[in-house]
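This briefing goes through one protein model, from the overall fold down to individual side chains. Please keep the sequence and coordinates at hand while reading.

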Amino acid sequence: MTDTPLLEEIEVELKPEELERKVEEYWRTGVGWKWEELEGVLTQETLAKLKGYCVEQGEDNPDVTVWSPETRGDFTSAST
């Protein structure tokens, strides 16, 4: 999705417990992204990019922390 950590794409300061949330916690199976939780947190540009991704849950797709400060691409690979 991006070469920068998702943490750098936020517009507000997140609480420590929010920083530990995983991708699947922002996804409703059969519905899609929980936009009400992402809007106002991520930039409009990032939200637009996110619309092209869906979360495939299961043993073959381990979930990772969303707001990781590292640029390993875990968010993208775990969410596509």
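The points below cover the fold, the surface, the aromatic residues and one threonine. The model is predicted. Its secondary structure consists of 4 helices and 2 strands, arranged along the sequence as α-β-β-α-α-α.

**Fold and surface**

- The protein has 80 residues, of which 32% count as buried.
- Taking contacts between residues at least 6 apart in sequence, 70% join residues at least 24 apart.
- The accessible surface comes to about 5200 Å², and carbon and sulfur atoms account for 47% of that surface.

**Aromatic residues**

- The structure contains 1 aromatic pair.
- The pair is formed by Trp-27 and Trp-33, with ring centres 5.0 Å apart and planes at 85 degrees; planes over 60 degrees apart count as edge-to-face, so this pair is edge-to-face.
- Trp-27 has a relative accessible area of 14% and is therefore buried, the cut-off being under 20%.
- Trp-33 is also buried, at a relative accessible area of 7%.
- At Tyr-26, the ring has the charged end of Arg-21 sitting over it, 4.1 Å from the ring centre.

**Thr-46**

- Thr-46 belongs to helix 3, which spans residues 44–50.
- With a relative accessible area of 3%, Thr-46 is buried.
- A polar contact of 2.8 Å links the side chain of Thr-46 to the side chain of Thr-43.

Methods. Residues are numbered from 1 along each chain as its sequence is written. Side-chain values use heavy atoms; hydrogens and water are left out. Buried means under 20% relative accessible area, exposed over 50%, partly exposed in between (1.4 Å probe, protein chains only). A polar contact is a pair of N or O atoms within 3.5 Å; within protein, one must be able to donate a hydrogen and the other to accept it, and residues adjacent in sequence count only if both atoms are side-chain atoms. Rings of Phe, Tyr and Trp (its six-membered ring) pair if their centres lie within 6.5 Å; planes under 30 degrees apart count as stacked, over 60 as edge-to-face and the rest as tilted. A charge sits over a ring if NZ of Lys or CZ of Arg is within 6 Å of the ring centre and within 35 degrees of the ring normal. Contact means heavy atoms within 4.5 Å. Accessible areas come from the Shrake-Rupley method with a 1.4 Å probe; for residues, only the protein chains shown count as cover.
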